[in-house]
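Work through the following exercises with the sequence and the 3D structure open beside you. Try each task before reading its solution.

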Amino acid sequence: MAAPAHPAPLLPPPLTGSARTWGTLALSAATFMNVLDTSIANVSLPAIAGDLGVSPTQGTWVITSFAVANAIAVPLTGWLSQRFGQVRLFVTSVTLFVIASLLCGLAPNMAMLIAARALQGFVAGPMIPLSQSLLLSSYPRALAGLAMAMWSMTTLIAPVTGPLLGGWITDNMAWPWIFYINVPVGIVAVLVTWGIFHKRETVRRKLPIDSMGLALLVIWVGAMQIMLDIGKEHDWFESPWVVACALVAAVGLVAFLIWERGDDHPVVDLTLFRNRNFWAGALATAVGYGLFFGNVVLLPLWLQQYMGYTATQAGEVMAPVGLLAMVLSPWVGKNIGKADPRRFATFAFLVFALVLWMRSNFNTQADLATIMVPTIVQGIAMAFFFIPLVTVTLSEITPDRIPAASGLSNFMRITAGAVGTSIATTLWERRATLHHAQLTEGLHQGNTALAQTLQGLQAGGFTPEQALAQVERLVNQQAFMLAANDIFYVSAVLFLFLIPLVWLAHAPHASKGSADAAAGAH
C-alpha cells in the first residue's frame, strides 16, 4: 500500500495573542471533559446500578460501552478528518458529546444509559487527537513543546480528578450530574473553537468509504475491549465467552491488517509504522501508560478494600499526583527543543521505577504521609513522560498525516491502559491467593502465636467464631498487601526495561539542531 502522494497543504500561520490563549483553553477544556468521562463514572457505579434497579455487574456496562465505542472511533480520526476537515470534525464531535452527555443524565433505564454512553464514547474518539493537531497548528514551531505541555496537563490531571469529582457529586448531588457538568463546558468549547478556528479549516478530500476495513475494525476492537472488560469477572480463559471474544479479536485483527495493507484508501493508515520514530515512540508511550494506569487503578482499590479508606479519601490520596506535573510541564515544554527528548523520557521512566519501588515497600501500617510521598514524586515522572514521547512519536510525520498518527498512537495508548488495568487487577487477586495460602500454612492448632492471638481476642469479648474471622481478615489484609507489593515491584522493573525502546528512535533535533525540530510534529 503506497503512502499518500498528494502534496502537503500549506498550513495557516500560527495564532497570536488572545486568540491563541482562548483557543488553547477551549481545546484543553474539551480534552479535559473527554478524559474525565473515562473515569468519572467508575465510583458512581453502585449509585447508578441501585437507582436504575440493576446488579453492579450489569452496571459495569456503563464503563464497557464507552470504552468499546471510544476504542473503535479513535483510530478513525485520520480518515474522518481528511473527509470532513479537522475543525468541522472536532466541533461536531464536541457538540455530539454534549448531546450524548445530556442523554446519559436523562436515561430512564440501564439500556438507554448504555446506548447513550456508547454514543458518547464514539463521538469522543476524534476529540483528543484533533485537539493535539489543532493546538500544534496554533503555535509557532519553536513553541510546539509548550503547546504540548498545555495539552498534556489536561490528560494527566483528568484521570485523577475523575474519581474524586465523581465521588463528591454522587455523595452530595445525584449521579446524573456527573454527565450534566459536561454541557456548559462543551457549549463554551464549541463556541470558542468555532469562532477562532473556522477560518483555519484543513483541506478536505472526498475519500471513498473503506466499509470492509471499518467493519473489521469494529469487530476486532469491540471483541478485544469486551474481553478485557469481562475477563476478570469470568475467570479469563476458563470462560467460553472470553475465549470466543479472544478468537474473534485475533482473527479480526489479522484480517484487518491484511485488508488495510491492500486497500488504496484505508480507514487506518498503517504505513505510519514504517517510520521508526512513530512506532518506537507510540509503543513506549503505550506500554508506559499501560503500566502507569494499571497501578493508578490498583492503589485506590487496595486503600479502599484493605486499608479502610473511603472513595473520597482514596481520591484525595491520588490528587497530589498532578501538583508537580502542573509545575514542571511548562518547563519541559519550553526546553524540549533544546534537549534530546529521549533523555527526558528516560528520566521519566527512572522516576516511575523509583516511585513503584517505594510503593513495593508499603505495609499495612503505612500512614497517610508514607502513601502520599511516592504519589507526589510521581508528578515529576508524568511531566517528563507525555511531552517528550509525543515529540518523538510525531517528529517525522508530515502535517497532513498528524491526525492519523495522533489517532493511531492514542488508540495504542488507550488500549494499553485497558490491558494494564486488566492484568494488574487479575494478577493482584491471584498473587493474593498464593500469599494467603503461604501465610496460613503455619496456622494450625498447635501454633503458639495463633493460640495466643485467639485467646486474646476471646478475652476481649469475641466468640471463638468471631476470633477466627478476625484472624482471617488480618491474613487477607496481609495477603493483598504482599500481592500489591509484587505488582508494584514488577512494574518498577518493567519501566527500567522500557528505556532501551525510547533509544530506538532517532533524536528529533539531530538533523536540524534547533527548537524547530522539537516541533517536527507540525
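Helices (H or I, at least four residues) and strands (E, at least two) are DSSP runs, numbered from the N terminus. The model is predicted, so local features need pLDDT of at least 70 and side-chain atom pairs count only at pLDDT 80 or more, while totals for chains, interfaces and linings use all residues. Residues are numbered from 1 along each chain as its sequence is written, and side-chain values use heavy atoms, with hydrogens and water left out.

**Exercise 1.** Find the helix that holds Asn335, and decide whether this residue is buried or exposed.

Solution. Begin with the place in the chain: Asn335 belongs to helix 16, which covers residues 321-335. Next, recall the classes of cover: buried means under 20% relative accessible area, exposed over 50%, and partly exposed in between (1.4 Å probe, protein chains only). With a relative accessibility of 18%, Asn335 is therefore buried. Finally, look at its side chain, where a polar atom lies 2.8 Å from the backbone oxygen of Trp331.

**Exercise 2.** Locate the salt bridges of the structure, and describe the surroundings of each partner.

Solution. A salt bridge is a side-chain nitrogen of Lys or Arg within 4 Å of a carboxyl oxygen of Asp or Glu. Searching the whole structure gives 2 of them. One joins Asp340 to Arg342, with the closest N and O atoms 2.8 Å apart; Asp340 is buried at a relative accessible area of 10%, and Arg342 is buried at 13%. Another pairs Arg431 with Asp486, where the closest N and O atoms are 2.9 Å apart. Because Arg431 lies in helix 20 (residues 402-440) and Asp486 in helix 22 (residues 464-502), this pair ties together parts that are 55 residues apart in sequence. Arg431 is partly exposed, at 32% relative accessibility, and Asp486 is also partly exposed, with a relative accessible area of 21%.

**Exercise 3.** Which residues form a nonpolar patch on the surface, and which helix supplies the largest share?

Solution. Patches are made of residues with over 30% relative accessible area and no salt bridge, like charges being joined within 9 Å and nonpolar side chains (Val, Leu, Ile, Met, Phe, Trp, Tyr) within 5 Å. The members here are Leu354, Trp357, Tyr489, Val490, Leu494 and Phe497, which together have about 650 Å² of accessible area, a quantity that comes from the Shrake-Rupley method with a 1.4 Å probe, only the protein chains shown counting as cover for residues. Val490, for example, is in helix 22 and is partly exposed, with a relative accessible area of 47%.

Definitions and conventions:
Polar contact = N/O pair within 3.5 Å; in protein donor to acceptor, adjacent residues only side chain to side chain.
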